[in-house]
Amino acid sequence: MSEYNRVVIPIGPQHPSLKEPGCFTVTLDGEKIVDVVVGIGYNHRGLEKACESRNYIQIIYLLERICGICSHTHTTAFCQGVEELAGISIPRRAAYIRVIVAEIERLHSHLLWLGVAAHEIGFDTMFMYAWRDREAVLDILAAVGGNRVNYGINTIGGVRRDIDDSLRQDILKMTDALQEQVKYYQELALTETTLAARLAGIGKLSGEDALKYGAVGPVIRASGIDFDIRAVDPYAVYAEIPFKVITDTHADVFGRTVVRILELLESIEIIRFCIKNMPDGDIVTKAPRRIPAGEVISRTEAPRGEDIHYIRSNGTERPDRVRVRAPSEANWHAMRHMLLGQYLADAPITIAAIDPCFSCTDRAIVINSGRETELMDWPRLRQYSIDWYKKRGIDVASIKIPERRMYF
Amino acid sequence: MILGLLKIIVFPGFMFLTVYGLLFEYLDRKVHARLQNRIGPPWYQPLADFLKLIGKETIIPADANKTIFQILPVVSLAAVAAAFVYVPVFGKASIASFQGDLIVVLYFLSIPTMCLFLAGWYSRSVYSTLGSVRTLTQMFAYEVPLFMALLAPALIAKTWSVTGMTAFYAEHPLYILINIPAFIVALIAGQGKLERVPFDTPEAETEIVAGPLVEYSGRLLALFRIAVDCELVMVASLVSAIFLPFMTGHAILDFILYLVKTVAVLLFLALMRSVMARLRVEQMVHFCWKYLTPIAILQIIVNLLVRGGLGL
Amino acid sequence: MQTEEAIIHKLAEKFSILKDKLYVQRSKRIISEFLTREEFEQVLPYLRDKMGFYRASHVVGTDEGEDLGFIYLLTNDEGIILALKEKAPKSDPKISSLSGDYPSLEFHERELVSLFGAEVEGLPAGPSYPLPDGWPEGNYPLRKEWNPEYFDQNTMTYNPPIDDKEKEGGKK
């Protein structure tokens, strides 16, 4: 085919299949992809520079806002890095709470991914089901940390909030109900023919290539390589927890789906184990304001893969350099390789299959410049939004929402 | 004369078609939503959407051919409305009928698809062009099985008029059993014609935004939307007229029966849309030529044999 | 299974320049001291081909005062991270691109170009990342002397006050 038959299609920066800005300039020959330029960086807002002018406690909250989904993993990586620098060890109960929240976060993230992936291939029913189940997980996260995302659990030297007995019961109840649902999804993914037709053989990435391009998380595990930081370089209390590293040999989008669904089940088991074996005791130890000079490389396994934080301290209250290598950042490199030679119809699901988080990639934060900021508590925020709509002639308060059915 | 005009314009013609189309859209969305565990829209939502779109600004791309861009939605709606004249709704007979109107109806039904193709082509946007190409590719896939599936029953009925076929099968209801494979083919191919999941590649929003309609807005989009709704009614009516021709002989009862039958077809289409993922365009073509077309051909052969064997 | 000590021992044996420049920080972490570009390029192929450090997780850019530092985080199959450091003076911040052997470093190297002003030789042409189009040349935000308060987002210009400039010059 000649050059003239080629069409260049921009997927992004604004596109219905992308939930965040990124730009994939796809060159098509008919429906086949012959070239891709991956354009990212739309979310860069200078977080690392911002870290250098803040103290360690402030940075926790800054880093929590790198990503709306895996916010806990970033603070875990940062806090454990700083703790290593300061030479303090956290109470065991705090470590257990960190793991519990991290695994609930993984449930939340994987369910979200399942929904998004289903939506990308036009299977909206699955999308709605997965996100309905995710609501229950978010409710638990809100109960644990007071917020649906950005739970503010971690602090240097431990955690800020305890998980009490009634909450533990709620979590167990949630995991029981969720386990059934996830098993249903597992069956669905393995048997539904249109789903398999759309997922199998798409976005092939052999184990060799996965290593070469530095893929991490479910992407590399779906290529048959058991690389999981929780097992390779255990942090918190993962060394004490019996769990399987899920791998799959399909090496395509289907494999990544299977890995994520099985990881959901594995996470549920980890949560149960932690809740059962959680010791009593303090949840935080005292940490110094000034962190001794030194450098540290801290790793955690985020829902999307390996999260690396490089922290260098110069002995003052502020770090000298903080560099976050979020998991999505590592998975981008193989994207071009995975997309080439595919149909355009498969591009969205291939992109979605690495569970890209553009904010993570670009490490972003919104800083309102030149405007007074003020704190609003929850009822006031709610009132504000109701008034905002009222001004425009819509009375939100009058809309009757049927009492929420608890599915669990 | 005036009565005939009223029939065409008001009932059971154009006005009824549009109102029923909006109702169909509501039902479709509501059922879809309930299957997905959502609440779904209120009954007036399609009408509200339509009215709101009517009130919006219409933007025509600078590169597009203005006349064609504006005419296409109207042509598309008109074609569906014209086809509806030949389908029996109220009573035994349609508003107009003649020997061979089945073919005319099928061709009228192809016009909206062609309009969609042209709409995308003349919009001059990469997304819409790609959507147009997909629309056309898909059309070549489902059109053949759909035509054959609808023509097969005509062989037994020995008439090429929709009204005539309905009358024949109403008298000999057992013959419908022979046509069951064709019925299934027609329903699936009809889903392709209507460009709904799993055959909605032309407007796959996660790939090419909205396909051919990506540049349409305001009034023109509203017209296209209503044309699509009417097409849904049209396909449901045609399929139920040919494959579910149960009649009581009483006009009002028959009309109620018509509503029940079309809604049943719609529910099936909505179910199909809810439980499947979108196929790729080449998977869709494969499926249509590999499974639907052979089944339709087989149906024609069987029907020819039945016709010869029974000495009809 | 190679232990961290064994890796260091093997490397120090092979390269005299690496003697006393590597240490084990804790399990799974080997940190090096800053090497010059020549030393770095001498060591790297051996690490990649013979020692199993064929995965690169990341390259961290740092500001070392007079120099720019580049910390390559290399990983082997056992999950050991070897942080190999390279240094180049700010006046001539040239390093060679590793994106041929480690494709995973391409975006990170682009970042070094945009944010630190490093000159990465051999980096294939491509879009700048992650700074927006129209970012003024010569502004490298992650260098310590660059102060975000002096940057005007509306005009995309960097305007440090005159005396501040002198002060900075004086520091140097």
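**Inside a predicted three-chain model**

Colleague: How much space lies in the largest cavity?
Modeller: About 120 Å³ of space lies in the largest cavity. A cavity here is a set of points, on a 1 Å grid over the protein atoms alone, where a 1.4 Å probe fits but cannot get out. Points are joined across faces, edges and corners, and the volume is the space filled by probe spheres set on them. The value for the largest cavity is therefore a probe-sphere volume, about 120 Å³.

Colleague: Thanks! Before we go on, at what pLDDT do side-chain atom pairs count?
Modeller: Residues are numbered from 1 along each chain as its sequence is written, while chains are lettered from A and ligands numbered from 1 in the order in which they are written. Side-chain values use heavy atoms, leaving out hydrogens and water, and in this predicted model totals for chains, interfaces and linings use all residues, local features need pLDDT of at least 70, and side-chain atom pairs count only at pLDDT 80 or more.

Colleague: Which element gives the largest share of the lining of the largest cavity?
Modeller: Lining residues have an atom within 4 Å of a cavity point, and the largest cavity has 14 of them, with Pro88(B), Val89(B), Met247(B), Tyr258(B) and Lys261(B) nearest its centre. Helices (H or I, at least four residues) and strands (E, at least two) are DSSP runs, numbered from the N terminus. The largest share, four residues, comes from α11(B).

Colleague: How many charged residues are in the lining of the second largest cavity?
Modeller: This cavity has a volume of about 60 Å³, and its lining includes Trp113(A), Leu114(A), Met126(A) and Thr257(A). Ala, Val, Leu, Ile, Met, Phe, Trp, Tyr, Cys and Pro count as nonpolar, Asp, Glu, Lys and Arg as charged, and the others, Gly among them, as polar. The lining divides into eight nonpolar residues, one polar and, for charged residues, none.

Colleague: Which elements are included in what covers the buried residues of α7(B)?
Modeller: Buried means under 20% relative accessible area, exposed over 50%, and partly exposed in between, with a 1.4 Å probe and protein chains only. Helix α7 (residues 162–171) of chain B has buried residues including Val162(B), Met165(B) and Phe168(B). Their cover includes three helices of chain B: α5 (101–123), α6 (126–157) and α10 (218–243).

Colleague: How many disulfides does a search of the whole structure find?
Modeller: A disulfide is a pair of cysteine sulfur atoms within 2.5 Å. Cys230(B) has its closest cysteine sulfur, in Cys115(B), 13 Å away, so this pair is too far apart for a bond. Over all chains, the number of disulfides found is zero. Cys79(A) is in none, and the nearest cysteine sulfur, 12 Å away, is that of Cys51(A).

Colleague: Is Phe53(C) buried or exposed?
Modeller: Phe53(C) sits in the loop between α2 (37–49) and β3 (55–64) of chain C. Its contacts (heavy atoms within 4.5 Å), not counting residues up to four places away in sequence, include Ile7(C), Leu47(C), Leu82(C) and Tyr102(C). Because its relative accessible area is 0%, Phe53(C) counts as buried.

Colleague: How many residues of helix α3 of chain C are buried?
Modeller: Among the buried residues of this helix are Phe107(C), His108(C), Leu112(C) and Phe116(C). Helix α3 (residues 106–116) is mostly covered, its buried count being nine of 11 residues.

Colleague: What share of chain C is made up of buried residues?
Modeller: Chain C has four helices and nine strands, and its C-alpha atoms fill a box of roughly 55 × 35 × 25 Å along the principal axes. Of its 172 residues, the buried share is 51%.

Colleague: Which chains have the most contacts between them?
Modeller: Chain B and chain C do not touch, with their nearest C-alpha atoms 23 Å apart. Two pairs of chains do touch, and the pair with the most contacts is chains A and C.

Definitions and conventions:
1 Å grid on protein atoms, 1.4 Å probe; cavity = no way out; pocket = protein on both sides within 12 Å on 5 of 7 lines; lining within 4 Å.
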